[in-house]
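Dear colleague,

Please find below the structure that I am handing over to you. My notes on it follow directly after.

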Amino acid sequence: MMDRNDMQLSRRGILAAALVAGAAGVAAPAMAAKTKPAGAKGASFLLRGVTLETGYRREGSEVVGTETAKASVLVRGGKIAAILPADAPAPMGVAVRDAKGMLLLPSFRDMHIHLDKTFYGGPWVPPRKRTEDIRGQIKLEQTLLPQLLPTLEERAGKLVDLLQSNGTTFARSQCNVDPVVGTKHVELLKHALDGRADGFGHEIVAFPQHGFVSADLIPTMRAAMAAGATHVGGIDPTALDGGMEKSVDAMMQVALDMDKGVDIHLHEPGASGIAAIRRIADTVERERSLSGKVTLSHAFSMMSISEGEMAELAARLASLDVSVASTLPFGTRMMPIPILLDKGVKVYTGTDSVEDHWSVFGSGDVLEKAKLACQLYGWSDEYGISQSLKIATGGPTPLDAAGKQVWPKAGDAADMVLVPASCSAETVARQTPRKAVFHAGNLVAGVLDAA
Ligand SMILES: [Zn+2]
């Protein structure tokens, strides 16, 4: 058993640490202070001729198809104001747009991506063979990132364009905070994303790629939070940061202190990875304000424990509302996504590295991840494929697990995508093109005719 004083993150301790950090000269960076979020201005229109899923068709207990109906969707002030009959007249002064019978789905969310480090949008950079481990990559970043700084906003913007064209209207972007770039990436990325707030939602994780406690990064992390990051990031506490308890505690403490979320890169496998997850869970259990605000990214260590242990851990994470973001790696072992979902853990996906010096295989299309999940986990019937859409949307599906229509509803954000498909299952299986993509009712990709 650990010493209680050692384990406790007391509010008083947190405040004291904040004062020390304040004295160390934490100030909001000039750019962040000057930049005002644009605020999502929502459009108003009647979207006529949409197809909505209404239920599953069953033979006995088996789902053998998806039922749909035509409708019109009234969008007002960026929200879905009402679901109306297909032939409903447009309210006075409201423009009408023709969905041409296409299926309306919730738009997608990329919950783990590195918008700040991508080469996408710039010239092709030939990938090099990796001769060293993660530390070699970090050394490379020390010269590479300053070179990329002048084009960060432009590259991130082009990657957001790509995401939008794929139906994604929200990203949680990891963003380097390290001894080389300090908070510069957070400032620039926030500036770029704030400028697009009408068309794209975001969260920013301040990611201590080069180490957190080991890189003496706590004051910089606090500055990144003050500059607008929404989540405190973390990195393999034992394998890279040199000490599980102090690394996890520092991360959780900054989040508590500054009322932010947590999203940790937890690649390290086996016992040390699991130990970190348990310590994070212990902290959320004590500090309930963190419930619903903590995400474990990758969490590869979950592949190394027994099904029984995993079920227990998943139930605990669900009870604390700790989510998992997985890129659904495939290899000899697979992430226990079905157990996580079964126990009620929120599971997100992301496209992670979309063309950078870590990997060039991220596509910026989370719909691919939903299809990959179907293939990996044997969700191969209409029902399984249909429900896999939640991997791409980060949760919402038109039909819930029982087949009841739960989306869209009046009051939902008008974050939605039109696809030429008959149902969610077809959309996932055929990777149907995304023809029109909306964020807060604003058309951000594709085209849509006036009726
Ligand atoms: Zn990552």
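**Salt bridges**

Arginine 172 has a relative accessibility of 6% and therefore counts as buried (buried means under 20% relative accessible area, exposed over 50%, and partly exposed in between, with a 1.4 Å probe and protein chains only). Please note that this is a predicted model, in which local features need pLDDT of at least 70 and side-chain atom pairs count only at pLDDT 80 or more, while totals for chains, interfaces and linings use all residues. Residues are numbered from 1 along each chain as its sequence is written, and side-chain values use heavy atoms, with hydrogens and water left out.

The side chain of arginine 172 forms a salt bridge with that of aspartate 263, at 2.9 Å from N to O (a salt bridge is a side-chain nitrogen of Lys or Arg within 4 Å of a carboxyl oxygen of Asp or Glu). Arginine 172 belongs to strand S7 (residues 168-176) and aspartate 263 to strand S10 (residues 261-265), so the pair ties together parts that are 91 residues apart in sequence. Helices (H or I, at least four residues) and strands (E, at least two) are DSSP runs, numbered from the N terminus. Aspartate 263 is buried, because its relative accessible area is 0%. A network of salt bridges links Arg172, Glu203 and Asp263.

In total, the structure holds 16 salt bridges. Another of them joins arginine 316 and glutamate 285, whose closest N and O atoms are 2.7 Å apart. This pair links distant parts of the chain, with arginine 316 in helix H10 (residues 307-319) and glutamate 285 in helix H9 (residues 270-286), 31 residues apart. Arginine 316 is partly exposed, with a relative accessible area of 23%, and glutamate 285 is partly exposed at 39%.

Aspartate 321 and lysine 346 also meet through their side chains in a salt bridge (2.8 Å, N to O). Aspartate 321 lies in the loop between H10 and strand S12 (322-326), and lysine 346 in the loop between helix H11 (337-342) and S13, so the pair ties together parts that are 25 residues apart in sequence.

**Zinc site**

Which residues coordinate the zinc ion? They are His112 (NE2), His114 (NE2), His265 (NE2) and Asp352 (OD), at 2.1 to 2.6 Å. Donors are N, O and S atoms within 2.8 Å of the metal (3.2 Å for Na, K and Ca); water is not among the atoms, so sites may look incomplete. Along the chain, the donors of the zinc ion follow the spacing H-x1-H-x150-H-x86-D. Histidine 112 lies in strand S6 (residues 108-113) and aspartate 352 in the loop between strand S13 (347-349) and helix H12 (366-377), so the pair ties together parts that are 240 residues apart in sequence. Both histidine 112 and aspartate 352 are buried.

**Two further buried residues**

Valine 232 is in strand S9 (residues 231-235) and counts as buried, at 0% relative accessibility. Leaving aside residues up to four places away in sequence, valine 232 touches a set of residues including Phe212, Met221, Met251 and Asp263 (contact means heavy atoms within 4.5 Å).

Glutamate 187 is placed in helix H6 (residues 184-194) and, at 9% relative accessibility, counts as buried.

Yours sincerely
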